[in-house]
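Please look through the sequence and the structure shown here before reading on. The paragraphs that follow lead from a surface feature to a sheet, a hairpin and a loop.

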Amino acid sequence: MNGGGEGPATSGAAATVPLDWKFSQVFGERTAGEEVQEVDIISAIEFDRTGDHLATGDRGGRVVLFERTDAKENGAHRKDLERMDYSMSKHPEFRYKTEFQSHEPEFDYLKSLEIEEKINKIRWCQTANSALFLLSTNDKTIKFWKVQEKKVKKLSEMNVDQSKSLGNGSVVDSTPEISKPYLANGVCKDNHISFPSNDTSIPAGGFASLRMPVVVTSPETSLLARCRRVYAHAHDYHINSISNNSDGETFISADDLRINLWNLEISSQSFNIVDVKPTNMEDLTEVITSAEFHPTHCNTLAYSSSKGSIRLIDLRQSALCDNHSKLFEEHEAASSRSFFTEIIASISDIKFAKNGRHILSRDYMTLKLWDINMDSGPVASFPVHEYLRPKLCDLYENDSIFDKFECCLSGDGARVATGSYSNLFRVFGCSEGSIEATTLEASKNPMRRQVQTPSRPARSLGNLPRVLRRGADNSGADTNGNGFDFTTKLLHLAWHPTENSLACAASNSLYMYYA
């Protein structure tokens, strides 16, 4: 069940056996015929580094946090149980923790442009003092949030005469309600002054002694989300990516034409490290689609483009990294090129493997795994939408061809996953000898529409310059004869960092699976 290891070429029989995925939980499940509000649709998912917390963002600008409960219930940390070879009897369980409004809709008056509140990306930052920190962004503004449990403080005593105090500091006023003569400015002639509105009585001679209110901390706690910093006014185009650096101090944000480097402690300025904007915008041929820092090397990052290429850059080379250190791309034969070639080649998402050796990319048709030490081509390719090739004209007409599917890798790098239409997602094995190519549905019965066809075993990624994997995705219908629904799409998913556990977003519902 647990994905340990350091590289994608994990050896052993366990890595070659397809996983048996089971339903774990669902949050926000829809009833039959229930209409989904646009603001409730999930637009981002992210596990933290430990896997004990999960964050989702939606189109309404809200961030919802979930925390793991099964490890706590077993009385020990999960890593300790794994170290003792403890067999977990329960599947991974999460519960709702808290939610907060991260972004609000805005209007740019200079450009007459509405800025949506939709959360594009969420990234967890390093924790400190039991507080959780995360970055969230919409199209224009990045925010740094701190979520912490605060103990509720209450007043136990009030500054009143004890003989007249009742309950929680309230006081009975014995003065009868009669009309009293008042002078100018509201001064009363009576020796006894009454303040019925404050429910407090002060004798003419005052109190013999005054007691200040005592603030006590109750055992109750409440979660408080506070925006620590706002990083704004640095992007002219829509932000498509944010990524934390391994140094714990900096992060990058990327839009269509620029990548900026920020310090978490400084929100007033950023450094532009990549700028692909041409002098004449008519010469623009490609845009940045995704960017991510290397998981361990703080000076290395990668970004993808709409032409299907991935560039690796080294921040030590120069302040403005217009020149890449490595370029990864796969050229298509001129005879097979068409009007849709560049559109479907556009990379929608890239992810580094945990060990930093490989990069996973997702374009419209395929998943590709790249070795950063080999730029001649991908070491593995997994067809996801090959059955859609004859339907590209229709997909172009209804804009589905521009859908941006995300991808993810398991913690041990032995498997990769991505979403598809009809709320389906696919899991491929990329370890030595694996023939795994599983199709699952985001529902309580994930195997209902499973398509499993043996494919050619993969050889070791370290010994092979290129491996072409052929999965079971060659028709427009599933094994039950059900046609694919292009209006329901599973764009966002995340793999637990240490276990074979997946979180998937299907519209407004969050489904979780384990194997």
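A helix, as the word is used here, is a DSSP run of H or I that covers at least four residues, and helices are numbered from the N terminus. The model is a predicted one, and in it Y396 has its place in helix α5, which spans residues 392-397. Y396 is partly exposed, with a relative accessible area of 32%, a value that lies between the 20% under which a residue is called buried and the 50% over which a residue is called exposed. Together with F339 and F402, Y396 makes a nonpolar surface patch of about 320 Å².

From this patch we turn to a sheet. Four strands form an open sheet in the order β20-β21-β22-β23, and their pairing is antiparallel. Because β20 (288-293) and β23 (326-328) stand at the edges and have a single partner strand each, one side of each of these strands is left without a neighbour in the sheet. On average, and with direction ignored, neighbouring strands of this sheet are turned by 20° against each other. Within the sheet, strand β21 (residues 300-305) pairs with strand β22 (residues 310-314) in the antiparallel sense, over 5 bridges, and L301 stands opposite I313 in β22.

Strand β33 (residues 492-495) is joined by 4 bridges to strand β34 (residues 501-506), the two running antiparallel, and they form a hairpin with 5 residues between them. Across this pair, W495 has L502 in β34 as its bridge partner. In a regular strand the side chains alternate between the two faces of the sheet. In β33, H492 and A494 lie on one side while L493 and W495 lie on the other, and with all of these residues buried, both faces of the strand are covered.

Which residues does A353 touch, leaving aside those up to four places away in sequence? A353 is found in the loop between β24 (349-352) and β25 (358-362), and although its place is in a loop, A353 is buried, with a relative accessible area of 4%. Its contacts, counted with the same exclusion, are P295, H358 and L409. A353 also illustrates how sequence separation and spatial separation are given side by side, for A353 and S410 are 57 residues apart in sequence and 8.1 Å apart in space, taken from C-alpha to C-alpha.

Note on methods
Residues are numbered from 1 along each chain as its sequence is written. This is a predicted model: local features need pLDDT of at least 70, side-chain atom pairs count only at pLDDT 80 or more; totals for chains, interfaces and linings use all residues. Side-chain values use heavy atoms; hydrogens and water are left out. Two strands pair if DSSP finds at least two bridges between them. Axes are lines fitted to C-alpha atoms, for helices over the stretch in contact, and angles run from 0 to 180 degrees between N-to-C directions. Patches are made of residues with over 30% relative accessible area and no salt bridge: like charges are joined within 9 Å, nonpolar side chains (Val, Leu, Ile, Met, Phe, Trp, Tyr) within 5 Å. Accessible areas come from the Shrake-Rupley method with a 1.4 Å probe; for residues, only the protein chains shown count as cover. A salt bridge is a side-chain nitrogen of Lys or Arg within 4 Å of a carboxyl oxygen of Asp or Glu. Buried means under 20% relative accessible area, exposed over 50%, partly exposed in between (1.4 Å probe, protein chains only). Contact means heavy atoms within 4.5 Å.
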